[in-house]
Amino acid sequence: ARDREAEEVLKKAHRIHSRIGHDLGMANALDGLASIYRHQSKNQEAEEMLTKAYEIHSRIGNEMGYANSLHGLGEIYSAQSRYREAEEVFRKAHEIHTRIGNQMGTANALLGLGLIYHAQSGNREAEEALRKAHEVYSRISDVLGTANALGGLGSIYRAQSRNREAEEAFKKAYETHSRIGNDFGAVKALDELGAFYHAQSRNREAEEALRKAHEIHSRRGNEEGTADALQGLGEIYRFQSRNKEAEEAFKKAHGVYSRMGNELGTGNALQSLGLIYRAQSKKQEAEELFRKAHEIHSRIGNDMGTGNALHGLGEIYGDQARNRQAEEAFRQAHEIHSRIGHDLGTAAALHGLGDIYRAQSMNREAEEAFKKAHKVFSRIGNDVGAANALQGLGETYCSWSRNREAEEAFKKAHEIHSRIGTAMGTANALLGLGQLYCIQSRNWESEEALRKAHEIYCRIGNHMGAANALVDLGKLHRAQSRNQEAEKCLTQAQQTYPSIQNDLGTGNALRHLGLLFSGRGQHDEAQSLFCQALSAYSRGGSSFSRAQTLAALAQTYLTKGNFVDAEKSFNQALIIGIQLEDDMLQAPLLKALSFIFTFASRYSATLAAPLHAGPACGETGDDILRGAALHDRGKAFLLQTKFAQAEDSYSLAQALFSRAGDARGESSALRSLGTLYTLQGQFELAANRFAQARSTSVAISDYDGEVMALGCLMGACLAQGNLAGLRSYCVEALKIYDRTQWGGSKVSSTP
């Protein structure tokens, strides 16, 4: 309401000054309007007012006003992440104020430059500018400016992990603002202290600082500040997996920002809510919020917010194995952050790309992305980011079986996090080491690392991390046949995940409990646990984990002699593997299904069971469509010279076509098998498959199929130098041609 009144007064003043031709009054009114619009995040209107004011000040030769308008433009550009333009106008303002001897203006311009450099991760230049600003403010006894410069320096020190200096600067800034009664500056310093403590996992101190900030804003009726404090508290709660409290705080912040018309704050609150819903496995809701945040930030020209929203979308797509969309989102985020010179966002996007590549077993690409991210984080002095990139490298090397490099990367990450006091990162590095040692059967070291990680997670209140460590301890104990301890750890984890609404974690704990019971011969209990895990994964949207569980469930059915349900479960898992284009997942499933079909004649129930194709085949449950999909998959494997997987795919396709009574499809699959064996030099086996293909085609009077099979047989004879056989098959093919006028151009040695 006050803003509206002020806006109306300034508009009247502008009209009066315009009518009487008072240029300076017009320009000052425009500057005042710009200040109101900037406070309301109406950046376009603010920029328009300042540009007009700047033109008037220039025309009348008012250098002070000219420089002040430039400074205002710098703040507008900065709010929109237009850093190059902001730097240019702050430099011009600094030059003018210095020339005319206006020390206050000089210091203000240096402060603006310092914050711009910091936003672009140019911390050395930022520190130099802010130190100079602090020096000028101190010399002219501008206490408010001195405190603002201290706050800026604190942010620089925090970014460089100079934690003692950062804490000291923020505390001095808070004390100074409080002493002169500047609540706005005091709460800003409290916000910075809260973020600082949060980064160090000093959550009680962080929460205390932000509660003080919230109290001051509420007392003064400052809605925007109240929302900012709620946003900060939400982040503290999110870090501790206090998701309900975090959600409530973010929703309140969003309500305030929306009511005020603060689109920047609204977009940020939506982004944070998206992160909460992602942690709660509410993937659809999270995606919708990230999209809304992206739309808002794009509309108001906030490139940094746009890039951050794209990053959130990339993570959601990655969670759902929508890898192409995830990669595209991270690439767009990387492009935006690179364009605006936001190194932190650039490095984070590279890290996101590394995660996506690693999930697809594209280890070289993952390694390159993590190394680039590490380089950028190291250059800007962001130790936390550099250590996290090392963590990503360690996980990549671990999945690549490059265990020495993995251990080295995890240890370096652990060293950095320990040195700078980031408990969360320290625990994550220990978790990675524990998982690596478990793979290497270094069981004592694995258990020690996992227990330390669990202890840290519990101490800092990170329930998700604590539960994850328990799952890994349970897996380790199961591998050691310490079944009671394994069950205790996994059960505790399974009880923790629902309290933080983490369906993915719930599914993991249930799946490993199922594997534990299955190993003890308790197959009914295992079956029940696997089914519960599938339900959790369906809510959590994890396709890969769902496929793993379906495969485990299928093995349980096999053990119980239930071939019908085993086939269904293997089939559903294979469909997911094909959708994810995950060869490592498909290979054992193809072998398992081939095993079932090998014994199909002994189990009539299996022959009668329909295969449910699912999304990959239009949900028709048609064996013909399923066989066609597997046939195509076999061709893809053949092109990649993955002969074993190609053979499994072709064999299973042939069995499906046979069961469906599709002789043409069966003949085609047999010709493909023959071609595969020919490429491997197994000519006798190839000739046998081609002969089978021919017989199948003859049985249904399929002359096209018969001639193609004859062409394949001719190719096999030619490869072996069997000219008599070649001549015989050629004659038979010509007889068919004479009898049917079949086009000779179709005779081919390929399927």
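Where is isoleucine 180 placed, relative to helix 9 and helix 10? Some notes from going through this one.

1. **Confidence.** Keep in mind that this is a predicted model. The average pLDDT for the protein is 87, and 94% of the residues score at least 70. Two stretches deserve a flag. Residues 600-621 stay under 50 in pLDDT, and the model gives them 41 contacts beyond four places in sequence. Residues 742-751 are also below 50, with 25 contacts beyond near neighbours in sequence.

2. **Isoleucine 180 and its patch.** To pick up the opening question, isoleucine 180 sits in the loop between helix 9 (163-179) and helix 10 (183-199). With a relative accessibility of 40%, isoleucine 180 counts as partly exposed. Together with Val143 and Leu144, Ile180 makes a nonpolar surface patch of about 210 Å².

3. Valine 143 belongs to helix 8 (residues 143-159) and is partly exposed, at 33% relative accessible area. Leaving aside residues up to four places away in sequence, valine 143 touches Thr176, Arg179 and Ile180. There is also a C-alpha separation of 9.8 Å between valine 143 and alanine 173, which are 30 residues apart along the chain.

4. **Two loop residues with positive phi.** Most residues other than glycine have a negative phi. Serine 441 has a positive one, about 60°, and lies in the loop between helix 22 (423-439) and helix 23 (443-460). Glutamine 501 has a positive phi too, near 55°, and is found in the loop between helix 25 (483-499) and helix 26 (503-519). As for cover, serine 441 is exposed at 54% relative accessible area, while glutamine 501 is partly exposed at 27%.

5. **Helix 36.** How does the span of this helix check out against 1.5 Å a residue? The 18 residues of helix 36 (residues 703-720) should span 26 Å, and the end C-alpha atoms are 26 Å apart, so the two agree. Its buried residues include Gly705, Glu706, Val707, Leu710 and Met714. Glycine 721 follows helix 36 and has a positive phi, near 75°.

6. **Salt bridges, the arginine 59 pair.** The count of salt bridges comes to 59. In one of them, arginine 59 pairs with aspartate 23, with the closest N and O atoms 3.3 Å apart. Arginine 59 is in helix 3 (residues 43-60) and aspartate 23 in helix 2 (residues 23-39), so this pair ties together parts that are 36 residues apart in sequence. Arginine 59 counts as exposed at 55% relative accessibility, whereas aspartate 23 is partly exposed at 23%.

7. **Arginine 402 and two glutamates.** Glutamate 367 forms a salt bridge with arginine 402, the closest N and O atoms being 3.4 Å apart. Since glutamate 367 is in helix 19 (residues 363-379) and arginine 402 in the loop between helix 20 (383-399) and helix 21 (403-420), the pair ties together parts that are 35 residues apart in sequence. Arginine 402 also meets glutamate 405 in a salt bridge, at 2.6 Å from N to O. Glutamate 367 is buried, with 11% relative accessible area; arginine 402 is partly exposed at 23%, and glutamate 405 is partly exposed at 31%.

8. **A network.** A further set to look at is Glu127, Arg131, Arg162 and Glu165, which are linked in a network of salt bridges.

Terms used: Residues numbered from 1 in each chain as written. Predicted model: local features only at pLDDT ≥ 70, side-chain atom pairs only at ≥ 80, totals over all residues. Heavy atoms only, no water. Patch = residues over 30% accessible without salt bridge, like charges linked within 9 Å, V, L, I, M, F, W, Y side chains within 5 Å. Areas by Shrake-Rupley, 256 points an atom, 1.4 Å probe, with all protein chains shown as cover. Salt bridge = Lys/Arg side-chain N within 4 Å of Asp/Glu carboxyl O. Helix = DSSP H or I, 4+ residues; strand = E, 2+ residues; numbered from the N terminus. Buried < 20%, exposed > 50% of the residue type's maximum accessible area, 1.4 Å probe, protein only. pLDDT = per-residue confidence, 0-100. Contact = heavy atoms within 4.5 Å. Expected span 1.5 Å × (residues − 1).
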